[in-house]
Amino acid sequence: MIALALLLAAQTAPVRVGDTVWVETTIPLPGRMIVRPQPWDLGDLGQVLGPPEVILGPDSARIRYPLAIWYPGRQEVTMPGPIVVAPEGSSDTLAARTYRIDVASVLPDDEPREAIAPKPSAEPVAQSARSPLAVVVLEALVGLAALAGWLLIRRGRRRRRATVAAPPEPIEPVDGWLERWAKAGELKAAVDGWAHQLEADAERPEVAAWLERAELAAFRPDAARQELEALLEGIPAASKAGEGA
């Protein structure tokens, strides 16, 4: 009943059929715990307009769903309880919560429905228009195709005239890719790549501890940049030197 009262009090402006209304809940979330909202199906009553938002606080998480209701009146909706995952892998599904939403009709309130005349039909939309754009685009495509064919023929002739094959380009080690990803700001991708590289050496205690920290950071959507940078700086030195061979 507390959830019902909170949502009704939050409706400062009237919600009409088809309007977007946000339904939210706040749950306690201790440190290192992960929250996963569940899918929500309203059936014929309405529709969930997008994925839920998760806003993390110091010791709690706020979960918000955008909804649209198709029928007027006081409607009851039941938000599915989120799943809370502990660092060691255990999980718990929280209880669902029921909300009431007052939905107003889009029809005028001061006239009976049988007296409301339907709106006149809209004028047909013209589907044809004369424009030289299609001809210009076609000519440009033909020109590009001709240019591409000429370049391919010229390149083939140069290859036939070559007497010595060019040496193959050296293959860059995997750790070089990962370091370039980190410098480009793709920290999560770099951490995930190093995790795959170090899985074969997971029996070492320092490697196992690093992999556990990396897995927690990969699951959290709000992983701080400093946390990811610390992970990349703390890769076990011996394994890092041996990878990429």
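# Salt bridges, a helix face and one buried glutamine

Student: How many salt bridges does the structure hold?

Tutor: The structure holds six salt bridges, a salt bridge being a side-chain nitrogen of Lys or Arg within 4 Å of a carboxyl oxygen of Asp or Glu. This is a predicted model, in which local features need pLDDT of at least 70 and side-chain atom pairs count only at pLDDT 80 or more, while totals for chains, interfaces and linings use all residues. Residues are numbered from 1 along each chain as its sequence is written, and side-chain values use heavy atoms, with hydrogens and water left out.

Student: Which residue does arginine 62 meet in a salt bridge?

Tutor: Arginine 62 meets glutamate 24, with 3.1 Å from N to O. The pair links distant parts of the chain, since arginine 62 is in strand 6 (residues 60-69) and glutamate 24 is in strand 2 (residues 21-28), 38 residues apart. Strands (E, at least two residues) and helices (H or I, at least four) are DSSP runs, numbered from the N terminus.

Student: Which residues are linked in a network of salt bridges?

Tutor: The network links Glu24, Glu53, Arg62 and Arg64.

Student: How exposed are arginine 62 and glutamate 24?

Tutor: Arginine 62 is partly exposed at a relative accessible area of 29%, and glutamate 24 is partly exposed as well, at 33%. Buried means under 20% relative accessible area, exposed means over 50%, and partly exposed lies in between, with a 1.4 Å probe and protein chains only.

Student: What about aspartate 102, which residue does its side chain meet in a salt bridge?

Tutor: The side chain of aspartate 102 meets that of arginine 74, at 2.8 Å from N to O. Aspartate 102 lies in strand 10 (residues 97-104) and arginine 74 in strand 7 (residues 73-79), so this pair ties together parts that are 28 residues apart in sequence. Aspartate 102 is partly exposed, at 31% relative accessibility.

Student: And what does arginine 100 form with glutamate 76?

Tutor: Arginine 100 forms a salt bridge with glutamate 76, and their closest N and O atoms are 2.9 Å apart. This pair also links distant parts of the chain, with arginine 100 in strand 10 and glutamate 76 in strand 7, 24 residues apart. Arginine 100 counts as partly exposed at 25% relative accessibility, and glutamate 76 counts as partly exposed at 44%.

Student: Switching to glutamine 75, where is its place, and is it buried or exposed?

Tutor: Glutamine 75 has its place in strand 7, and it counts as buried, with 15% relative accessibility. A polar atom of its side chain lies 3.3 Å from the backbone oxygen of tyrosine 71.

Student: Which residues does glutamine 75 touch?

Tutor: Leaving aside residues up to four places away in sequence, glutamine 75 touches Leu45, Ile69, Tyr99, Arg100, Ile101 and Val103, where contact means heavy atoms within 4.5 Å.

Student: Now helix 6, which of its residues are buried?

Tutor: In helix 6 (residues 225-233), the buried residues are Leu228, Leu231 and Leu232. Seen down the axis of helix 6, they fall within an arc of 95 degrees, so they line one face of the helix; the arc is that of the directions from the helix axis to the C-beta atoms.

Student: What does the face turned away from the buried side carry?

Tutor: That face of helix 6 carries the exposed residues Gln226 and Glu233.

Key:
A polar contact is a pair of N or O atoms within 3.5 Å; within protein, one must be able to donate a hydrogen and the other to accept it, and residues adjacent in sequence count only if both atoms are side-chain atoms.
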